[in-house]
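User: I would like to learn how to read strand pairing and helix packing from a model. Please take the features one at a time.

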Amino acid sequence: MVDAAVSEKLEAGFQKLQEATNCKSLLKKHLTREIFDKIKDLKTSFGSTLLDVIQSGVENLDSGFGVYAPDAEAYSVFNDLFEPMICDYHTGFKPGDAHPPRDFGDLETFGNLDPEGAFIVSTRVRCGRSLAGYAFNPCLTEANYKEMEEKVVASLSSLEGELKGTYFPLTGMTKEVQTQLIQDRFLFKEGDRFLQAANACRYWPTGRGIYHNVDKTFLVWCNEEDHLRIISMQKGGDLKAVYARLVNAINEIEKRIPFSHHDKYGFLTFCPTNLGTTIRASVHIALPKLAADLAKLEEAAGKFNLQVRGTAGEHTEAEGGVYDISNKRRMGLTEYQAVKEMYDGLQELIRMEKEAA
């Protein structure tokens with residue numbers, strides 16, 4: 001059972017959602033009175049409650065999704081809420097489905113999406129990972145953050161070849177290093193209001209940092225939103241090279257650090273929109289003719305299960321007509337299939353841009 005204070009906040013939050021006529025979040029859609037009453041008193045072994053799950057969506061009524069998982073167990077304990085929301089968001093994933101086993105596929109089937117360099121500014125493929133045995137942000141202590149950072153640094157320091165690099169902790173970071181990392185668009189900032197409301201930014205910047213290789217084509221973010229964000233990126237449209245580097249990095253890091261995995265939902269992350277493969281393959285791309293009508297660009301991208309965002313990602317605007325376009329589906333398909341959807345969809349959008357009057 002949850003204590004009286006949490007119970008009171010939960011009831012107030014539920015009523016706020018019901019009365020919010022302009023709220024279109026999946027949380028409002030799926031948190032019925034029946035489900036609310038069924039799970040409102042439940043707790044995980046980490047002490048997480050339904051309040052930890054829904055607090056961001058209750059505070060930010062303009063959320064698209066509206067929930068976060070305070071720990072890995074929450075996906076099972078609060079499954080009556082998570083499952084319908086996850087199935088609604090992840091197109092094609094249905095109640096009772098299980099995420100397929102990991103499969104990176106045949107890397108040779110990919111190539112350069114834009115060999116002439118006419119459209120794509122840069123290509124990036126990233127994934128999220130959570131360290132097994134640790135809660136997620138709302139339940140982590142300051143000691144947890146420090147301990148996790150030590151494990152991550154020890155593991156990354158043994159990487160070789162093109163993955164070999166340097167770790168830069170945010171704590172005590174010099175102004176010179178900070179400026180350079182911001183200029184390179186590597187340095188993540190403290191979380192936005194959605195993450196703040198979810199208690200994802202406590203003890204900042206303790207335990208947070210960035211690792212990158214010499215060529216700055218491989219990065220690892222430590223304790224930004226997820227425990228780890230593993231990122232491969234480079235200028236231009238060579239998706240094959242970017243994806244191959246990420247696959248190599250994941251395999252090497254997994255030899256050193258055990259990750260949280262769920263039989264039904266795949267690799268577990270703080271935000272349920274990133275479950276399953278957790279793969280997000282994206283490009284920064286200029287499509288001036290298609291983007292002249294943003295609604296039409298978004299409609300065209302949607303047909304290929306692609307998502308259009310501003311240049312700096314979610315909740316941002318496009319700078320200089322450059323958009324971030326990525327695969328939307330991460331669950332119910334393999335890593336290879338997720339990247340292939342992005343690859344095929346981008347080829348089609350580029351073809352449409354060339355043919356546009």
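User: Which residue is the bridge partner of Gln307 in S10?

Analyst: Strands of a sheet pair through backbone hydrogen bonds, in a parallel or an antiparallel sense. This is a predicted model, and in it Gln307 is bridged to Ser326 of S10. S9 and S10 (residues 322-327) run antiparallel and are joined by four bridges.

User: What is the order of the strands in the open sheet?

Analyst: The eight strands follow the order S2-S3-S4-S5-S1-S8-S10-S9, with antiparallel pairing. S2 (165-169) and S9 (306-309) are at the edges with a single partner strand each, so one side of each has no neighbour in the sheet. On average, neighbouring strands of this sheet are turned by 20° against each other, direction ignored.

User: How many bridges join S1 to S5, and how many does S1 form with S8?

Analyst: S1 is joined to S5 (residues 228-235) by eight bridges, running antiparallel; Ser122 stands opposite Lys235 there. With S8 (residues 280-286), S1 pairs antiparallel over six bridges, and Arg126 stands opposite Arg280. Eight of the ten residues of S1 (residues 120-129) are buried, so this strand is largely enclosed by the rest of the structure.

User: At what angle do the axes of H1 and H4 cross?

Analyst: Two packed helices are described by the angle and the distance between their axes. For H1 (residues 4-19) and H4 (residues 50-59), the axes cross at roughly 35° and come within 10 Å. The crossing is left-handed.

User: Which residues of H1 and H4 meet?

Analyst: Among them are Val6, Leu10 and Leu17 in H1, and Leu51, Ile54 and Val58 in H4. The residues of this contact comprise seven nonpolar, two polar and three charged.

Terms used: Residues are numbered from 1 along each chain as its sequence is written. This is a predicted model: local features need pLDDT of at least 70, side-chain atom pairs count only at pLDDT 80 or more; totals for chains, interfaces and linings use all residues. Side-chain values use heavy atoms; hydrogens and water are left out. Two strands pair if DSSP finds at least two bridges between them. Helices (H or I, at least four residues) and strands (E, at least two) are DSSP runs, numbered from the N terminus. Axes are lines fitted to C-alpha atoms, for helices over the stretch in contact, and angles run from 0 to 180 degrees between N-to-C directions. A crossing is left-handed if the near helix is turned anticlockwise from the far one by less than a right angle, and right-handed if clockwise. Contact means heavy atoms within 4.5 Å. Ala, Val, Leu, Ile, Met, Phe, Trp, Tyr, Cys and Pro count as nonpolar, Asp, Glu, Lys and Arg as charged, and the others, Gly among them, as polar. Buried means under 20% relative accessible area, exposed over 50%, partly exposed in between (1.4 Å probe, protein chains only).
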